[in-house]
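This briefing covers aromatic ring pairs and the nonpolar core. The sequence and structure come next.

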Amino acid sequence: MFAKGQTVISLVEQLAPKYLAVPDDRIGLQLGSLQKEIKRVLVALDVNDEVVEEAIKVQADLIVAHHAIIFRPLKSLNTDQPVGKLYEKLIKHDIAVYITHTNLDAAEGGINDWMAEAIGIESGSALEATYTEQLYKLVVFVPKTHHQQVLDAVLGAGAGHIGKYSHCSFNVEGTGTFLPGEGTSPVIGQVGRVEKVDEVRVETIVPAQARSRVVQAMIKAHPYEEVAYDLYHVELQGKAFGLGRVGKLKQSMTLREYVNVVKQGLDVNQVRVVGDLDKTIKKAAVLGGSGSRYVSKAQFKGADVIVTGDIDYHTAHDALMAGMTIIDPGHNTEKIMKSKLAEWLGEKLSDQRYETEVLASEINTEPFVFM
């Protein structure tokens, strides 16, 4: 059985939820339909004519790409122009295009984590937080006979996470009272008579995105016809997500040595370097894509070097004056997402017994030729 397009994208959004994207980022379905079976997915960094031809050749029904093909509202769709021809070709071959951009950058286990791992950064934290989870407190009253059943349900649905701890809850025994009215069908007690029940007050933390899922799981597991519970916002901040990563290296080395680690880890032949090649590097930052405006932030967070693309001339001079070092391996290093996302998505589909195949694009979309 092949997965529907919406099923494929729901899995992608498990890894990179849309709410992690920066405001006004061009993400989501940009062309085509997801209301169809997907026999083959092609994961690409960019969608150009060569990638579309590759998709046609491998008979892909869906391209999941990192960079958008529609950046601003279209005033016309002229198929005599290169961009128009590209859209026409995709439509004629019924190939949908879905974009996961800054949400995949910020995601835990996404592009910046893949890049950090590739260049030896350990336990990296976000270079700049762009989204912080809003948290809610769930309080529910459960008869002792069903306490563990309800607790397991809410924790299994995503409640109870505090930092790196899971299954966090507080449970207090007490006495619950209620009087079933006319037309009710109480599990415990009788209509018209006040009942006293040994109950447990369960408290736990719920991230905003999991509220509906947790409440539904709780109600389904709860034996009562009318469940007594409270759900309210708390000031405590949840997990922070963001762009870039910064952390210590597995072992310190000179900038000269680290350049070779970066070249090998990110699969590039050449890099641009700013700073003293003999400087000792103990802590590094990385940011996929364009990172000029993050150089000072990396230095503020204690990084000895930042690895990022598209460094401009004046930023390089500012870094030199500030004693900061930079390794610029180019924007195209985000290509790491092709194999990583294809592998992750393929495993998820296989786990759900779908026959949908996921391929990583083999097209090099680097626009520059180094001579």
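Phe241 is buried, because its relative accessible area is 10% and buried means under 20%, exposed over 50% and partly exposed in between, with a 1.4 Å probe and protein chains only. The model is predicted: local features need pLDDT of at least 70, side-chain atom pairs count only at pLDDT 80 or more, and totals for chains, interfaces and linings use all residues. Residues are numbered from 1 along each chain as its sequence is written, and side-chain values use heavy atoms, with hydrogens and water left out.

**Aromatic rings**

- The whole structure holds 3 aromatic pairs; Phe, Tyr and Trp rings (the six-membered one for Trp) pair if their centres lie within 6.5 Å, and planes under 30 degrees apart count as stacked, over 60 as edge-to-face and the rest as tilted.
- Tyr19 and Tyr131 form a tilted pair, with ring centres 4.9 Å apart and planes at 40°.
- Tyr19 is partly exposed at 34% relative accessibility, whereas Tyr131 is buried at 16%.
- Tyr131 and Phe241 are also a tilted pair, with centres 6.4 Å apart and planes at 45°.
- Ring pairs join Tyr19, Tyr131 and Phe241 into a cluster.

**Nonpolar core**

- The largest nonpolar core has 65 residues, and Val41, Leu62, Tyr258 and Ile306 have the most contacts inside it; such a core is a set of buried Ala, Val, Leu, Ile, Met, Phe, Trp, Tyr and Cys residues joined through side-chain atoms within 4.5 Å.
- Ile306 touches residues including Leu127, Tyr294 and Met324, not counting residues up to four places away in sequence; contact means heavy atoms within 4.5 Å.
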